[in-house]
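Student: Could you take a close look at the helix packing in this one? I'd like the contacts spelled out, along with whatever connects to them.

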Amino acid sequence: MKPDLRQALRSSLLTGDGAMGTYLYQQGFPVGVSYEEFNMIRPDVIEGVHRRYYEAGARVIETNTFSANAEKLAKYGLEGEVERINREGVRIARGAVGADAYVVGAVGSVRGGRRKNVRTAQVKKAFEQQIAVLLDAGVDGLLLETFYDLDELMLALGVARSISSDVPVICQLSAPDSGATQDGIALADAFGRLEAAGADAVGFNCVNGPNGILRAIDNIGGPVGLPLSVFPNAGTPDYVDGRYTYTAGPDYFGETARRFADRGARLIGGCCGTTPEHVAAIAAALAGYRPRPAEAAPAELGSSVTVTAKPRAAAAPASPDAEPAPREGAEREARPAEAAGGAGAGTGFGPSIVDLVRERHTVIVELDPPRDLDIRKFMDGAAALKSAGADAVTMADNSLAVTRMSNLALAAIVKERIGLRPLVHIACRDRNLIGTQSHMMGLDALGIDHVLAVTGDPARFGDLPGSSSVYDLTSFEMIRMIKQLNDGTAFSGKPLKQKANFVVGAAFNPNVKYLDKAIRRLERKIESGADYIMTQPVYDTELIARIAEMTKHLPVPVFIGIMPLASGRNAEYLHNEVPGIQLSDDVRKRMAGLEGEAGRAEGVRIAQELLDAAIGHFNGIYLITPFLFYDMSVRLTHYVMEKTSRKATV
């Protein structure tokens with residue numbers, strides 16, 4: 001007889017299963033259907049997934065019922081099948097695994113983070129119906145997962161406890177970067193309320209990969225008297241050849257599983273993008289492992305977690321949304337300086353970066369817009385970069401789908417107060433055609449004429465996953481339509497009375513298996529009108545030389561991306577979880593174990609070595625500042641000035 005799940009969570013390390021929906025997608029099943037309906041129409045498929053996770057080492061198996069509530073099923077006309085789908089989900093899971101496994105009923109958020117018109121009474125009714133069936137079908141526990149608001153999670157927990165005071169209940173929030181739930185409750189307070197309401201374990205799943213959930217644990221900022229449960233995504237998804245893929249591999253999951261255990265996690269599995277191979281790596285890493293005190297970890301297996309607030313660890317890179325950064329182009333013959341004053345005319349910055357980079361080494365530096373309302377550090381960084389000799393400061397457009405301050409507003413402030421040329425990213429994700437043209441017209445009115453067109457990561461992978469991704473335009477179409485404004489023609493075809501002077505960049509990811517294929521895609525962006533190219537960060541000198549050789553035929557300049565690493569943890573996150581970034585084995589070894597000032601110092605040294613290689617091949621240098629550590633970019637800008645005999649601005 002296996003122990004009660006509640007007891008097992010306090011005395012053991014348990015391996016959970018992995019994704020269902022994304023795994024079915026990887027197996028070739030289409031999106032846009034109800035995977036929960038498969039409990040009725042393809043039970044063999046669902047049973048096979050459960051069995052593979054069990055054979056991989058998972059001993060906590062979730063039923064295929066995450067969205068099996070009346071509100072979610074109504075989208076497919078299945079609201080009348082709630083009982084059958086949930087009951088079948090329990091039966092299939094139970095039949096697929098051995099007696100040593102726990103079968104838990106998966107219950108997802110009804111609202112899904114959206115502020116939509118689903119009344120609380122409707123939400124409660126949906127939970128009551130689903131949870132009652134799962135408990136009657138004989139699950140070993142409930143897993144309430146992917147909740148963004150504490151209020152809704154408390155509602156679901158309350159329903160569970162009103163039906164059964166004995167069933168073990170695990171409560172998981174989507175992993176926030178902010179240290180608070182989406183409805184503004186501090187994590188320590190949220191977990192305390194859940195414990196008081198009868199939760200048996202608390203934790204995080206979805207939205208973030210292992211690094212993001214480690215940060216979430218470290219940011220709890222107070223004691224947690226319950227075991228932790230974590231189910232991270234397999235990093236950030238990338239869109240390759242018409243399909244979404246995830247970047248974090250099984251080995252990385254095995255490595256991070258022990259770090260989770262050291263921080264008090266007693267149930268460790270996987271969410272979106274994970275597979276039986278990820279679960280096998282987790283199970284192997286946890287076999288016989290005794291968690292050790294490390295930073296935020298409890299002293300002994302089974303003790304409660306005490307975490308203290310600390311500065312946020314390395315997070316997402318400041319890279320151009322879902323695509324690598326674009327690069328400058330020489331397609332400005334149609335906008336002669338004699339006729340329109342040239343790009344940059346009336347902006348106070350003289351020649352465009354396209355013109356500058358043809359004459360000398362030119363440095364663009366990226367600074368992340370703040371995620372709060374305090375712009376002081378950002379402005380200090382912009383001023384320091386201007387003094388160091390940077391030619392432009394570039395600002396992403398809510399990169400990685402994480403909400404940040406408007407880059408248009410910051411660009412206007414930097415232009416006015418600092419006198420440094422702003423280069424603004426424009427994502428296809430956030431605006432429809434009306435909003436995009438309005439945005440571009442506003443930039444023109446402000447004299448901000450350098451832009452970078454990017455696709456933008458899907459909203460569902462960011463900090464507000466319930467928001468919509470627009471994508472009225474592709475990045476190719478965005479480039480063409482911005483160039484249409486340069487001809488004095490609106491997106492609708494109507495005349496604009498005067499011509500804009502935008503210099504439009506495109507993004508390029510050279511960290512791919514087939515570089516020649518990526519170059520062909522890049523050529524299409526240039527055909528669409530791109531004036532310059534900015535690349536994702538590169539961490540290999542041989543790849544820098546290869547990029548130079550394979551792009552030398554292009555008629556537009558390339559700005560090679562260099563981003564200094566901030567720590568060993570930052571290096572592993574970028575390598576394992578962020579699409580479009582690959583670190584060499586040598587770089588990872590050099591950064592291993594380095595944190596704080598030591599990590600940043602080594603990161604700068606590695607970046608300088610990359611710059612030594614880049615300067616010989618490219619006039620265009622694109623420095624990406626990690627976590628607003630602008631002093632690192634200042635040092636690297638000075639380094640470029642010294643190496644190229646340029647003088648910094650006084």
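Tutor: Let's say two residues are in contact when they have heavy atoms within 4.5 Å of each other. Keep in mind that this is a predicted model. By that cut-off, Pro210, Asn211, Leu214, Arg215 and Asp218 of α10 meet Arg569, Tyr573 and Glu577 of α21. Sort those residues by class and you get three nonpolar, one polar and four charged.

As for geometry, two packed helices are described by the angle between their axes and the distance between the axes. Here α10 spans residues 210-218 and α21 spans residues 568-577, and they pack at about 140 degrees with axes 9 Å apart. An angle over 145 would count as roughly antiparallel, so α10 and α21 are classed as oblique to each other.

Now step back along the chain from α10. The loop between β6 (201-205) and α10 holds cysteine 206. Most residues other than glycine have a negative phi. Cysteine 206, though not a glycine, has a positive phi of about 65 degrees. Cysteine 206 counts as buried because its relative accessibility is 11%, and the cut-off for buried is under 20%. Alanine 401 sits in the loop between β15 (392-395) and α16 (407-418) and is buried, with a relative accessible area of 10%.

Back to the cysteines. Searching the whole structure turns up zero disulfides. Take cysteine 271: its nearest cysteine sulfur belongs to cysteine 206 and is 4.0 Å away, and cysteine 271 is in no disulfide.

Next pair: α11 (residues 250-262) and α12 (residues 276-286). Their axes come within 8 Å and cross at roughly 45 degrees, which makes α11 oblique to α12. This crossing is right-handed. On the α11 side you have Pro250, Phe253, Gly254, Ala257, Arg258 and Ala261, which meet Glu277, His278, Ala281, Ile282, Ala285 and Leu286 of α12. The class count for this contact is eight nonpolar, two polar and two charged.

The last pair is α18 (residues 475-486) with α19 (residues 515-528), packed at an angle of about 20 degrees with their axes 8 Å apart. Angles under 35 degrees count as roughly parallel, so that label goes to α18 and α19. The crossing of α18 and α19 is right-handed. Ser475, Phe476, Ile479 and Arg480 of α18 make the contact with Arg521, Arg524, Lys525 and Ser528 of α19.

Valine 504, in strand β18 (residues 503-508), is 25 residues from isoleucine 479 in sequence, yet their C-alpha atoms are 6.7 Å apart. Leaving out residues up to four places away in sequence, valine 504 touches Ile479 along with Val451, Ile482, Lys483, Ala530, Asp531 and Tyr532. With 0% relative accessibility, valine 504 counts as buried.

Definitions and conventions
Residues are numbered from 1 along each chain as its sequence is written. This is a predicted model: local features need pLDDT of at least 70, side-chain atom pairs count only at pLDDT 80 or more; totals for chains, interfaces and linings use all residues. Side-chain values use heavy atoms; hydrogens and water are left out. Axes are lines fitted to C-alpha atoms, for helices over the stretch in contact, and angles run from 0 to 180 degrees between N-to-C directions. Helices (H or I, at least four residues) and strands (E, at least two) are DSSP runs, numbered from the N terminus. Angles under 35 degrees count as roughly parallel, over 145 as roughly antiparallel, 65 to 115 as roughly perpendicular and the rest as oblique. A crossing is left-handed if the near helix is turned anticlockwise from the far one by less than a right angle, and right-handed if clockwise. Ala, Val, Leu, Ile, Met, Phe, Trp, Tyr, Cys and Pro count as nonpolar, Asp, Glu, Lys and Arg as charged, and the others, Gly among them, as polar. A disulfide is a pair of cysteine sulfur atoms within 2.5 Å. Buried means under 20% relative accessible area, exposed over 50%, partly exposed in between (1.4 Å probe, protein chains only).
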